[in-house]
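This report goes through one protein model part by part. Please keep the structure in view while reading.

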Amino acid sequence: MSKNPGDKHHLTQMAKLELMFHKDLGIDEFYKELIKFIDKNIPLAEGRPLTIKELLKVDDFTKSYFLNKTTVVERWITRAFVLGMLVEKRERMPQRPAIDIEQLPVRIKDAVKKYSLSPTETRALEWSHYQGGRSLVNATNDTTNRVGNLLFENLKEAKGHRAFRKALEEELFTDKGESGRNWKRVAISETNTALNQGYLATLKHGEFAMGYSMPDACDYCATHIKGKVYMVIDPNRVDLDYENLDPRTAKYRQISYIYSHAIWVGKSNIGRSSSPRKRKDPDIGNTPDNLEPREHHERWSPITPAHTRCRCRVIRINPDTMFVKDGKLEMKVMDEAGYKQWYERTIKPIKEQFELYGIKI
Ligand SMILES: [Zn+2]
């Protein structure tokens, strides 16, 4: 991943928010504290292997350091979510007041109260928080393992203090180190997911949204997200369960269509793959006769953000007054013919299909 938290984002507040979340995770402080802890407790100079007890002590140190960041996760996910809601509301206003992210609530319950969140909005915020919590736990476990491995290597080869510091610096602060990249990913992914959830939660069933990408989005996002139009649906009002259906049935094809043309709060690609084919036997490599196409429910479907570094989001559109041209929004009055063509090709088929499936808008 080449981008850092707070690198260019279409929303300036969001760039700031990513960066503040990353800073609040306290990687610098962790580095200092861990070095202190190891100098005090681990016999690096002796070069003998760690006892299990010593290893557990180090593991505990790393785990408790990061798992103490749960309030940090709640703070920035709540703020990103609320920012998403405010951005959407602001787009409907003629005058667009500035948003100061540091004035936004830090607790879920305060956000619920201050903005009188509906049950759906509250669930979406809780869902984003849960997702962020999982990322915190995963990144913590990963960093714990990696710190343990660095120690193991250091002791095995009796490299000493200086080498340990250097290896730890590389692990935490450079793009060579998986831990450093992981924590960046947490800061960028989780806030962008929460922003999109907040934005989506304020949209109504039957509204349309357009995928909005940065100019340097990857090929997948440029093809499947940028300028694409989706219907926003309420997932409680539409049957979205197709994992256990036979892919040859009409019902399966219907739900596949919905996944490809609709977005909703809580939609995710967890358990799905971006690769079009899968191995028949997971223990054999990617030989031509061991590969078969993935079914629709096993493949990625459009969500924003799809990737950490691309930072795509959705924007509400009114297909009666505006349309999408080259991935950008244009007003109908500027190009009536272009609008008509776009409407016929993009909006009309989606509306017709959804009507055919009995989805009431
Ligand atoms: Zn992408």
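Methionine 322 stands opposite methionine 331 of strand E8. This pair belongs to a predicted model, as does everything described below. Strand E7 covers residues 322–325 and strand E8 covers residues 328–331; the two run antiparallel and are joined by four bridges. Another facing pair is valine 324, which sits opposite leucine 329 in E8.

What lies between E7 and E8? The two strands form a hairpin, with two residues between them. Aspartate 326, in the turn, has a positive phi of about 50 degrees.

## The open sheet

What is the order of the strands in the open sheet? The sheet has four strands in the order E3-E2-E1-E6, and their pairing is mixed. Strand E3 (262–263) and strand E6 (313–317) are the edge strands, each pairing on one side only.

Strand E1, residues 208–212, pairs with E6 in the antiparallel sense, over five bridges. Within this pairing, tyrosine 212 stands opposite arginine 313 in E6. Strands of a sheet pair through backbone hydrogen bonds, either parallel or antiparallel. In a regular strand, side chains alternate between the two faces of the sheet.

## Helix H1 against helix H8

Helix H1 spans residues 12–24 and helix H8 spans residues 178–201; their axes come within 9 Å and cross at roughly 135 degrees. Because of this angle, H1 counts as oblique to H8. H1 passes H8 in a right-handed crossing.

Which residues make the contact between H1 and H8? From H1 come Met14, Leu17, Glu18, Phe21 and His22. H8 supplies Trp183, Lys184, Ala187, Ile188, Thr191 and Leu195. Sorted by class, the residues of this contact are seven nonpolar, two polar and two charged.

## Helix H6 against helix H7

On the H6 side, the contact is made by Arg146, Leu150 and Asn154. On the H7 side, the residues are Ala163, Phe164, Ala167, Leu168 and Glu171. The contact of H6 with H7 contains five nonpolar residues, one polar residue and two charged residues.

## Backbone details in the loops

Alanine 158 is found in the loop between H6 and H7. Its phi is near 45 degrees, a positive value in a residue other than glycine. Is alanine 158 buried or exposed? Alanine 158 is exposed, because it has 12 other C-beta atoms within 10 Å and a residue with 12 or fewer counts as exposed.

Serine 116 lies in the loop between helix H5 (108–114) and H6. Serine 116 also has a positive phi without being glycine, here near 40 degrees. With 8 other C-beta atoms within 10 Å, serine 116 is exposed. A further detail concerns the peptide bond that joins threonine 304 and proline 305, which is cis, with omega about -10 degrees. Proline 305 is in the loop between strand E5 (291–293) and E6.

## The protein as a whole

How many helices and strands does the protein have? Its secondary structure comes to eleven helices and eight strands. Taken along the principal axes, the C-alpha atoms fill a box of roughly 75 × 60 × 35 Å.

The protein has 361 residues, of which 32% count as buried. Among the contacts between residues at least 6 apart in sequence, 71% join residues at least 24 apart. The contact of H1 (residues 12–24) with H8 (residues 178–201) can be looked at again with this in mind.

How values were computed: Residues are numbered from 1 along each chain as its sequence is written. This is a predicted model: local features need pLDDT of at least 70, side-chain atom pairs count only at pLDDT 80 or more; totals for chains, interfaces and linings use all residues. Axes are lines fitted to C-alpha atoms, for helices over the stretch in contact, and angles run from 0 to 180 degrees between N-to-C directions. Angles under 35 degrees count as roughly parallel, over 145 as roughly antiparallel, 65 to 115 as roughly perpendicular and the rest as oblique. A crossing is left-handed if the near helix is turned anticlockwise from the far one by less than a right angle, and right-handed if clockwise. Two residues are in contact if their C-beta atoms, placed from the backbone, lie within 7 Å. Ala, Val, Leu, Ile, Met, Phe, Trp, Tyr, Cys and Pro count as nonpolar, Asp, Glu, Lys and Arg as charged, and the others, Gly among them, as polar. Two strands pair if DSSP finds at least two bridges between them. A residue is buried if 20 or more other C-beta atoms lie within 10 Å of its own, exposed if 12 or fewer, and partly exposed in between; C-beta atoms are placed from the backbone.
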